[in-house]
Amino acid sequence: MLVSAGSVSQMERYVRAGASAVLIGEARFGMRLPGDIPESQIEEAIKRAHELGAKAYVSMNKLFRNEELAALPDYIRLVANAGADAIVFGDPALLLNVREVAPGIPLHWNAEMTGTNSAAAAYWGRKGAVRAVLARELNEEEIIGFKRQTQLEVQVQVHGATNIYHSYRNLLQSYMDHLGKATRLVDLGEDRGLYLVEAERPDERLPVYEDANGTHVMSADDICLLEALPELLAAGVDSLFVEPLLKSEEYNETVLRAYRSAIDRWFADPDGYELDERALDEIHALQPSDRELSFGFLYKEQVY
Amino acid sequence: MNSAVLSADAAPAPGKGRRYRLDKPELLAPAGSLEKLKFAVRYGADAVYIGGRKYGLRSNADNFSIEEMREGVEFASRYGAKVFVATNIFAHQEDLPGVGDYLKQLEDAGISAIIAADPAIVEIALKTTPGLEVHLSTQQSTMNWQAVRYWKEEGLPRVVLARETTMEEIREIKSRVDIEVEVFIHGAMCSSVSGRCVLSNHFTDRDSNRGGCCQSCRWKYDLRSDGKPVAEPGEHLFTMGSKDLCMIRHLPDLIDAGVDSFKIEGRMKSIHYVASVVNAYRQAIDAYMADPEGYTISPDWIADIGKAANRPLSTGFFYGTPGANEHIYEPEEKPAPYDFAAVVLDYNPSTGVATVQQRSPFKPGMEVEFFGPGGRSFTQRVGEISDEQGNRLDVARHPLQTIRLRTDCPVEPWDIMRKKIG
């Protein structure tokens, strides 16, 4: 039960609500974190997670530019020495650095939308990855097939918004400049509540924000796989990720509690397990009215 | 840091990229069909990339059967050109069986390289088809020298860099790693980090990373803040659509940075477009390589590109992050000012009569331009036209009809006759 956290206090709240692992870091190395835990606090954060009985993974899944490479060895060494349970990577440059400065540290392969098959996971597994983070565009059959074919741990996002477009361009700022609006002063970040609406889909609001890593467009709906949990657990999915971005801490705690209880009850008695409708209702009660809860791609068939 | 792994292959030579492999940069053109392949090669491409029936990212293109590939390779080799096949999807479980057999068929057909993004496909190719080079697709979004170094260690001779890579970054990559580097220099491009966009999947259930992209980034969106549209009534809506890339004015920079292969986008583009763009870049590369000091850009090259397409152009990330002027907010897509009217099949020097094949209607009195490989071109008015039997025609109206007409200057087979539209 994994969640990302943007501060030590957030981490504590989420672990108390049922997360057994946290994903932390900062925007210099990791993508779309709910906040930065700076280098100076990362060691303490990892320690704190361990005290609370949770694993601490450090996100370094950016695609790096030349000028960013120099900072990698020290940061990897720092988090490895601090006892991070894994580093999450997307760029193979990271592998060269890890091999060099912290060869023992477990790696999680997270290529976002492009983590789509077990053979690629096996490939990265031979390079040191112990876990594959699956693309959110896989359906249940593909997830089950993936898990059956792989030796690696499998992580699946079970709740929250998903990133559906990422650009290194500053598209919001460019647009504001085009309109001639004096918006240097306007914060275009995730807290700003900006969203996109396409003409033929007036009911879908796509959150959009800009940060040091470019422009991010998020899904119009939140996936919620609570009802599908038994299927995922039976398939052997190893890690269930809750995306806390664009949500209140209270909302995220409620979500984590619901999944924690479901997981524990399923493991205690898979055959007797039943969905706790009240937990689902609690999520629905806090769910923003302009965002639907959906099964994402779990039961979809895509064409191409 | 002084480690074996993280150090460069050679001491960086700031300012000047060192060329490691190709003596002269390769001009790599798209070919959506066998016919386009022939035009691309004839107009000066050193290599073409095509899609097969499987595993490529343009599921709407015609795409090549193995037989057509064989014929394409045979044609290209007559001109010393190579054929690459894009196998650049990110595969799902169901796509994987059969990849090895397919790659063997490509190898057997004489294909020189595949362009692959999914490490699963890269690995299968490295194991099963030693005769096929594996080029890492831009879909892997490789933009730093250590990642390039990584793929070199994996045995890949070439990396197609991410479209986000800047000129300075290319220079550093080439100075640190001994590997061929390919970059896109012309055409449409994803505004997202390649591969990191599933707008199509969300809007239409079409998987963009398996060739189903429906170009949702180019749609218009209302950007809202606190529930209210940011744009005033009458102002342009938000879009993620990028202007096309055009580096014709900056080839010396690319060559000096050490780029080995210049790639033109557009497997869906017309013959007229591919021939015009390839022709312009061919002339520019040849002129620069023949005399770097005396090189100047010919306005004709730029004009020729403009005749085949009328799309707003930019230099992408090469000189910095694209801003307001590099995106398309205005209503898009004006038609190209010229259209493909006919292709020359034959020419009789003693009579000055050309035999051409009609590609769109034309008639006597119309002003047309003939152009051919190497920049030959002239304009004239169409005089009398006749069919194969010598019957005079008022209009060449039938597609692929053979037409005879007198030309003001000598022409050669493969020359294109284009007409002004409107």
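**View 1. Packing around helix α4 of chain B.** In this predicted model, the buried residues of α4(B) pack against α6 (118-126) of chain A, and also against β3 (82-87), α3 (99-108), β4 (113-116) and β5 (133-136) of their own chain B. Helix α4(B) spans residues 119-128 and is mostly covered, with 7 of its 10 residues buried. The ones to look for are Pro119(B), Ala120(B), Ile121(B), Val122(B), Glu123(B), Ile124(B) and Ala125(B). Here, buried means that 20 or more other C-beta atoms, placed from the backbone, lie within 10 Å of the residue's own. Helices (H or I, at least four residues) and strands (E, at least two) are DSSP runs, numbered from the N terminus.

View 2. Buried residues in α6(A) are Ser118(A), Ala119(A), Ala120(A), Ala121(A), Tyr123(A) and Trp124(A). Their cover includes α4 of chain B, along with β5 (107-109), β6 (129-133) and α7 (140-149) of chain A. Just past the helix, look for Gly128(A), which has a positive phi of about 120°.

View 3. Domain 1 covers 2-162 + 220-294 and domain 2 covers 167-216, with bounds from an automatic or database domain assignment. The contact (C-beta atoms, placed from the backbone, within 7 Å) takes 9 residues from domain 1 of chain A and 9 residues from domain 2 of chain A. On the domain 1 side, 6 are nonpolar, none polar and 3 charged; nonpolar means Ala, Val, Leu, Ile, Met, Phe, Trp, Tyr, Cys and Pro, charged means Asp, Glu, Lys and Arg, and the others, Gly among them, are polar.

**Notes.** Residues are numbered from 1 along each chain as its sequence is written, while chains are lettered from A and ligands numbered from 1 in the order in which they are written. Local features need pLDDT of at least 70 and side-chain atom pairs count only at pLDDT 80 or more, whereas totals for chains, interfaces and linings use all residues.

Note on methods
A residue is buried if 20 or more other C-beta atoms lie within 10 Å of its own, exposed if 12 or fewer, and partly exposed in between; C-beta atoms are placed from the backbone. Two residues are in contact if their C-beta atoms, placed from the backbone, lie within 7 Å.
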